[in-house]
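Thanks for taking a look at this one with me.

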Amino acid sequence: MKVHIEFVYKTPTGAEATFSSEMIQGAHALLIAEDFERTGRVKSMKFIDTYEQEWDMKKLKEYMKEYETEPHNITVYFDGGFDLQSKTSGLGCVVYYEQNGKAYRLRKNARVEELESNNEAEYAALHLGLQEVEALGVHHMPIQIIGDSKVVIHQLLDEWPCYEDTLSRWADRIEEKLQSLHLKPEYETVSRKKNQESDRLATQALKGVEISSTIET
């Protein structure tokens, strides 16, 4: 969970000024806020999360205790491959998350036969990743989505038009899933080299090798 701090600082002579921080992790924000409070010159303070919800220090501390026990700091990598000859697709996704002070990596792939193009496989791979996120019980938080498909990322950002009905339906499914889980996506495109793990999972799926695992990193 990320928040920014807003506080009113009062000097010994009575002059006041309002300050606001950048978005930072909630636990880090609490440490900084407590340090400011020890100066005895903070008149008021609040924390504002990515959904514009306001918190006081007591409520944020209570929430952060519960937050640490649930999966958080979610990053999803995805990749899809399509074999034109067999009309078969391979989907791969990797989900990184933290829980109870530990970091985990979830890997999942799938082989499907009802898709018709590589772009559709890319969308399906992202949807597979979001299904895994849902299975973890993740909701009401930001989520980072990373892939090497410029088509998928730019269409979901509404930067590129989507003329194909099939892809438009997939984009709708992705957005509906994110909305139903109250997830705020941050999209990023990377080179295939930086997306090797999900690419490898998609290739293995095409070869009929199923993978589903979660390990501590």
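1. A cut-off to start with: a residue counts as exposed when its relative accessible area is over 50%, as buried when that area is under 20%, and as partly exposed in between. Please also keep in mind that this is a predicted model.

2. You will find D158 in the loop that runs between helix 4 (150-156) and helix 5 (165-180).

3. With 49% relative accessibility, E159 counts as partly exposed, because the exposed class requires over 50%. To get a sense of distance, look from E159 to Y63: the two are 96 residues apart along the chain, and their C-alpha atoms are separated by 36 Å.

4. Where is K87? K87 sits in the loop between strand 6 (72-83) and strand 7 (88-99). Its phi is near 55°, again a positive value in a residue other than glycine. Its relative accessibility of 44% makes K87 partly exposed.

5. Now step back to the whole protein. There are six helices and 11 strands, and the C-alpha atoms fill a box of roughly 80 × 40 × 30 Å along the principal axes. Of the 217 residues, 41% count as buried. The accessible surface comes to about 12100 Å², and carbon and sulfur atoms account for 46% of that surface. If you consider contacts between residues at least 6 apart in sequence, 69% of them join residues at least 24 apart.

6. How do helix 1 and helix 2 pack? Helix 1 (residues 26-37) and helix 2 (residues 57-69) lie at an angle of about 145°, and their axes are 11 Å apart. The crossing of helix 1 past helix 2 is left-handed. On the helix 1 side, the contact is made by G26, A27, L30, A33, E34 and E37, which meet M57, L60, K61 and M64 of helix 2. By type, the residues of this contact divide into six nonpolar, three charged and one polar.

7. The aromatic residues are worth a visit as well, with six aromatic pairs found in a search of the whole structure. In one of them, F7 and F19, the ring centres are 5.5 Å apart and the planes meet at 25°, so the pair is stacked. F7 belongs to strand 1 (residues 2-10) and F19 to strand 2 (residues 16-20), so this pair ties together parts that are 12 residues apart in sequence.

8. One more stacked aromatic pair to find is that of Y97 and Y104, with 5.3 Å from centre to centre and 20° between the planes. Y97 has a relative accessible area of 7% and is buried.

How values were computed
Residues numbered from 1 in each chain as written. Predicted model: local features only at pLDDT ≥ 70, side-chain atom pairs only at ≥ 80, totals over all residues. Heavy atoms only, no water. Axes fitted to C-alpha atoms, helices over the stretch in contact; angles between N-to-C directions. Helix = DSSP H or I, 4+ residues; strand = E, 2+ residues; numbered from the N terminus. Left-handed = near helix turned anticlockwise from the far one by under 90°. Contact = heavy atoms within 4.5 Å. Nonpolar A, V, L, I, M, F, W, Y, C, P; charged D, E, K, R; others polar. Buried < 20%, exposed > 50% of the residue type's maximum accessible area, 1.4 Å probe, protein only. Areas by Shrake-Rupley, 256 points an atom, 1.4 Å probe, with all protein chains shown as cover. Phe/Tyr/Trp six-rings, centres within 6.5 Å; stacked < 30°, edge-to-face > 60°.
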